[in-house]
Amino acid sequence: MYPPSRKDFISLTLNDPHSHTYNNGKHRRQSCWRKWKQLSRLQRSLILFLLALLLIFGLLSYPSMTEQWRGFSDREDWLELNDREVKDIPPEVKSVLYQAEAKAPPPVAGPHMGPAVDPDAGADAVVGPRAPNVPILAKPPIKNKTFPNKRGPPSLPKDGNISDTVGRKKQVQEVVQDEEGEEVDKEKKIVSWRGALIEADQATEPPPSTNEKEAAAPPAPANPGDPVPPEVSTGAVDRLEAVRDAFRHAWKGYKEYAWGHDELKPISRSFGEWFGLGLTLIDSLDTMWILGLKEEFAEAKDWVEKELSFDKNVDVNLFETTIRILGGLLSTYHLTGDQLFLEKAKDLGSRLMPAFKTPSKIPFSDVNIGKGIAHPPRWTSDSTLAEVTSIQLEFRELSRLTQEPQYQEAVNEVMRLVHKLPGKRDGLVPMFINTNSGQFTHKGVFTLGARADSYYEYLLKQWIQGGKAEDDLLEDYLQAVEGVKKHLVRQTGPSRLTFVGELSHSRFNPKMDHLVCFLPGTLALGAHNGLPGDHMDLAVQLMETCHQMYQQMETGLSPEIVHFSMQASDGPNLIVKPADRHNLLRPETVESLFYMYRFTKDPKYRDWGWDILLSFNNYTKVPGGGYTSINNVRDPVNPGPRDKMESFFLGETLKYLYLLFSDDTELLSLDKYIFNTEAHALPIWPSPPK
């Protein structure tokens with residue numbers, strides 16, 4: 001029998017004045033921890049999982065809530081602009097600005113568009129994207145919005161071709177303010193692709209489409225001091241000054257960030273070297289003289305006199321050095337009469353002569369101007385045909401000036417060899433020639449684009465330079481034009497645009513380089529010098545096609561290469577593949593526009609050139625100075641600057657634009673001067689006595 005159990009505790013019941021009972025027995029209050037421990041393991045795991053899930057959802061929702069409130073705050077800040085800023089805008093302009101604001105698409109956010117950076121505010125300052133020329137009040141940033149009609153990312157558009165019917169997207173320019181409310185960016189700028197910054201000229205805006213031109217009257221300038229758009233621009237004076245302004249802006253960047261070096265990198269504000277010979281500076285000398293930029297010319301001349309030396313252990317390309325540096329020095333000598341430039345040209349010419357010491361007399365592509373040793377490229381013993389047949393104008397002129405026949409004899413021998421070589425097709429020549437055998441290689445491929453283009457140009461120009469006395473050159477040129485018309489000229493299916501394609505082993509390829517746009521000007525020059533009239537007819541047709549290569553692009557700038565549709569359908573005429581959409585600030589189209597206007601006086605050629613200049617200002621102009629080549633002419637929002645300004649932009653493109661807009665036909669008269677393939681003017685020799 002078990003004894004009764006003992007109680008080890010005493011139970012007390014206490015009453016407080018308010019009749020609340022406190023029991024220290026088995027009904028006493030348990031702690032939270034004790035309750036937690038009484039739960040099963042499954043229950044505890046389930047509760048922990050739910051708590052973790054709630055925590056994750058809370059963290060994910062926090063940024064969006066913060067961003068939403070921040071957007072409301074930004075909008076309120078924008079609405080509270082001070083009265084001074086609003087009053088600064090004339091009443092007649094406000095309606096135009098608000099209309100532009102209503103039509104403008106929101107800024108794009110995404111991996112292809114870097115943050116907008118104000119260079120004056122530091123590398124970390126971020127502003128919104130801006131349009132070329134509409135000074136509108138700043139709106140709050142709208143995150144994660146895209147254009148409703150934008151087809152995929154800029155770098156991978158569908159079908160390799162954006163619809164030509166889509167109008168060029170216009171952005172809205174903003175006035176950037178610092179913390180004190182002052183305007184940080186006094187100049188009108190647009191940003192911004194991949195962290196880069198592009199400055200818009202206040203006088204420019206993207207050229208409208210044909211439908212837009214027909215549907216609306218030309219807009220008036222926003223302010224009395226602003227230049228008018230191209231549709232209402234009158235006279236040549238404003239346009240000439242616009243070219244000078246463009247040159248000054250490009251030169252400013254070169255002087256500040258690349259002085260004495262070969263090329264400016266305007267985005268990174270640095271320079272690139274090719275030969276280390278001040279390539280851009282020398283290429284620009286005669287342009288500065290023609291444009292009347294005396295101060296800039298004097299500074300450049302001082303550098304040539306004190307700093308330029310060709311006694312360097314450096315390999316240079318024979319062709320590029322000849323057309324840019326030797327041609328630039330000779331042209332500047334003729335324009336100024338200054339012996340300094342002729343002496344420099346003589347020094348360089350003598351250092352290039354070792355290139356002609358080959359078994360075939362066809363020159364090597366590269367020469368060390370310090371050591372006097374020449375060689376072909378490392379990967380081949382071939383030279384391109386354009387390289388060896390587009391140095392004649394310069395070396396012939398050097399012989400005439402120095403009375404040293406060696407220069408002319410060397411380049412004339414090259415032309416004699418090419419004249420009698422087998423492998424041509426109705427005057428068309430292959431792209432490569434071997435420096436050992438002196439024979440064409442890679443036969444069966446014929447193009448007027450890269451590696452062959454200036455061969456045809458120099459056939460005509462040597463004949464003109466020499467007083468029209470060298471019949472072999474004229475014969476080769478006339479035969480080549482007939483070969484072009486027979487084998488390479490075609491028309492598109494939809495709109496009957498005439499273009500020049502390529503031939504590869506009897507197979508036609510409807511591909512045309514922008515380089516081929518030299519041809520309208522060359523054909524017109526030949527017709528002006530008494531060659532058949534149908535050359536001029538073809539020039540007019542090809543000029544229209546080269547214009548459309550600009551007009552049908554969303555930025556108003558031509559791609560490097562275009563393919564043409566020959567199908568009898570209503571599809572696009574021009575097809576631009578993703579790899580071909582870049583623009584290098586090339587001069588060929590404006591070069592031909594210059595010739596066409598000089599010979600026809602048709603004002604449309606000036607208008608087309610003006611549109612091109614506006615597009616350069618809108619999409620390639622960089623704050624701080626300089627212009628940059630771009631990656632994608634089909635995307636005005638993200639053209640993708642390449643951070644490089646080629647020397648030919650100053651040496652050729654702007655020079656031809658200036659000559660196009662000038663009313664002075666005696667300014668480098670085409671009856672007195674011939675231009676080399678780098679736009680350097682050399683005198684036409686008197687006709688020899690018969």
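Reply: Contact here means heavy atoms within 4.5 Å. The model is a predicted one.

By that criterion, the H13 side of the pair consists of Gln-392, Phe-395, Arg-396, Leu-398, Ser-399 and Thr-402, which meet Gln-406, Tyr-407, Gln-408, Val-411, Asn-412, Val-414 and Met-415 in H14. By type, the residues of this contact are 6 nonpolar, 6 polar and 1 charged.

Two packed helices are described by the angle between their axes and the distance between the axes. H13 covers residues 392-402 and H14 covers residues 406-420; their axes come within 7 Å and cross at roughly 150 degrees. Angles over 145 degrees count as roughly antiparallel, so H13 is roughly antiparallel to H14. The crossing of H13 past H14 is left-handed.

As for backbone angles, most residues other than glycine have a negative phi. Arg-451, not a glycine, has a positive phi of about 85 degrees. Arg-451 is in the loop between strand S17 (445-446) and helix H15 (453-465), and counts as partly exposed because its relative accessibility is 44%. Ser-506, also not a glycine, has a positive phi of about 70 degrees. Ser-506 is in the loop between strands S20 (502-504) and S21 (507-509), and at 54% relative accessibility Ser-506 counts as exposed.

How values were computed: Residues are numbered from 1 along each chain as its sequence is written. This is a predicted model: local features need pLDDT of at least 70, side-chain atom pairs count only at pLDDT 80 or more; totals for chains, interfaces and linings use all residues. Side-chain values use heavy atoms; hydrogens and water are left out. Axes are lines fitted to C-alpha atoms, for helices over the stretch in contact, and angles run from 0 to 180 degrees between N-to-C directions. Helices (H or I, at least four residues) and strands (E, at least two) are DSSP runs, numbered from the N terminus. Angles under 35 degrees count as roughly parallel, over 145 as roughly antiparallel, 65 to 115 as roughly perpendicular and the rest as oblique. A crossing is left-handed if the near helix is turned anticlockwise from the far one by less than a right angle, and right-handed if clockwise. Ala, Val, Leu, Ile, Met, Phe, Trp, Tyr, Cys and Pro count as nonpolar, Asp, Glu, Lys and Arg as charged, and the others, Gly among them, as polar. Buried means under 20% relative accessible area, exposed over 50%, partly exposed in between (1.4 Å probe, protein chains only).
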